[in-house]
Amino acid sequence: MSDIQTLFNEDPLNLTRENYVEIVNYYRHARQQFVLGDKKAGKAPKAPTEKLNLDDILSDL
Amino acid sequence: MTSPFLVGTQIQFAWDSTSLGWLKECPRKYYYSMIEGWKPKAEAVNLIWGAWYHTGLEVYDRLRAQGKDHDEALIQVVAKLMFMTWIDGKPWKSDHASKTRENLIRSVIWYCEHFKEDPAKTVILANGKPAVELSFKMELDFGLTLEQPFLLCGHIDRLVDYSGGVYGTDRKTTASTIASNYFDQFDPDNQMSLYTLVSKVIWNVPVKGIIIDAAQVAVGFTRFARGFTYRTEGQIDEWKRGLSYWFMQAAEHAKKNDWPMNDKSCHKFGGCHFRKVCGRSPEVREVFLRSDFVKNPWNPLVPR
């Protein structure tokens, strides 16, 4: 597995088909991570829930 | 190279959506951009990056239309872009934060992945070729001389079959977040009306409108959104009738060599490039033009 930046700094004439596959897979994986993060970011966080105790509420009245 | 102007004049006969858009915004902007050919120095990176982005997606579309599968097409596109952006023995270096070589490759791969199962399928033209990157020149039935009618010119990214209708497509890039109202700017819109008109006339296809695939190119991600803009026959006829008004306006300005500013347009769309020039006294404007702009004449007759 080559470092992606090494591939970008290499003369394209020296890159093999496998190198191009690596580049595609690198960005494909990056996109999957991004989409995953985007979906998580899109969901509103659950509001913390707390059980109510009716005795406590009535005692304040 | 053929000039888009009538011989010996500044009267334009070959128009595209870009030059017509400049004129509609402001005669002075049209003068600086089209007649004098000034372009902001900073725009060069955006132009070349945008051209590569379009090329990458065009190659992908062609390969898919030829029967190559998604993975193979992507590998070939990446290889092509890596070669195109290897300049003078080294990788192309950008002075732009997000329009970089790496982000170009990322954006093209992400686009193809995003629209991998795209229901919009490239139309195959009567000549058997895929309707991709279509350069056009369409003669209008009027002109200022008998020999030279007005022409409408340009490039359409693709014609697609989508959900039982035919659409032109156009790809846009932006640095901003694509909000829900992003696509409102295309309805009405000069470029999209022109594309719908010529698609109907030149390729004889009953085009319903244009599909716009917008990409927000940021430093760490590229995000996509698709919008539609529709045109009825009535809208297209109305837009076409308006052309003679604008072409005559341009001819009148050219005859008088008088290019008034539309100073209500200066601050729209993020502000006109020439705002700082026009804001100066007339005798010093040339100095400001020469410092911040380069001459790079625009010619609608040049195919992409």
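**View 1. Helix α2 of chain B at the largest cavity.** α2(B) gives the most to the lining of the largest cavity, supplying three residues. The model shown here is predicted. In chain B, α2 spans residues 27-35, and α8 spans 275-278. Each of these two helices supplies at least two residues of the lining.

**View 2. The space inside the largest cavity.** The largest cavity has a volume of about 90 Å³.

**View 3. The lining of the largest cavity.** Lining the largest cavity are 13 residues. Nearest its centre lie B:C26, B:K29, B:C266, B:C272 and B:C278. By class, the lining has seven nonpolar, two polar and four charged residues.

**View 4. Helices α3 and α5 of chain B cross.** Two packed helices are described by the angle between their axes and the distance between the axes. Helix α3 of chain B covers residues 43-65, and helix α5 of chain B covers residues 101-114. Their axes come within 10 Å and cross at roughly 35°. The crossing of α3(B) with α5(B) is right-handed.

**View 5. Residues where α3(B) meets α5(B).** From α3(B) come B:W49, B:W52, B:Y53, B:G56, B:L57 and B:Y60. They meet B:N103, B:L104, B:S107, B:V108, B:Y111 and B:C112 of α5(B). In this contact, nine residues are nonpolar and three are polar. No charged residues take part in the contact of α3(B) with α5(B).

How values were computed. Residues are numbered from 1 along each chain as its sequence is written. Chains are lettered from A and ligands numbered from 1 in the order in which they are written. This is a predicted model: local features need pLDDT of at least 70, side-chain atom pairs count only at pLDDT 80 or more; totals for chains, interfaces and linings use all residues. Side-chain values use heavy atoms; hydrogens and water are left out. On a 1 Å grid over the protein atoms alone, a cavity is a set of points where a 1.4 Å probe fits but cannot get out, and a pocket is an open set with protein on both sides within 12 Å along at least five of seven lines; lining residues have an atom within 4 Å of a point. Grid points are joined across faces, edges and corners, and a volume is the space filled by probe spheres set on the points. Helices (H or I, at least four residues) and strands (E, at least two) are DSSP runs, numbered from the N terminus. Ala, Val, Leu, Ile, Met, Phe, Trp, Tyr, Cys and Pro count as nonpolar, Asp, Glu, Lys and Arg as charged, and the others, Gly among them, as polar. Axes are lines fitted to C-alpha atoms, for helices over the stretch in contact, and angles run from 0 to 180 degrees between N-to-C directions. A crossing is left-handed if the near helix is turned anticlockwise from the far one by less than a right angle, and right-handed if clockwise. Contact means heavy atoms within 4.5 Å.
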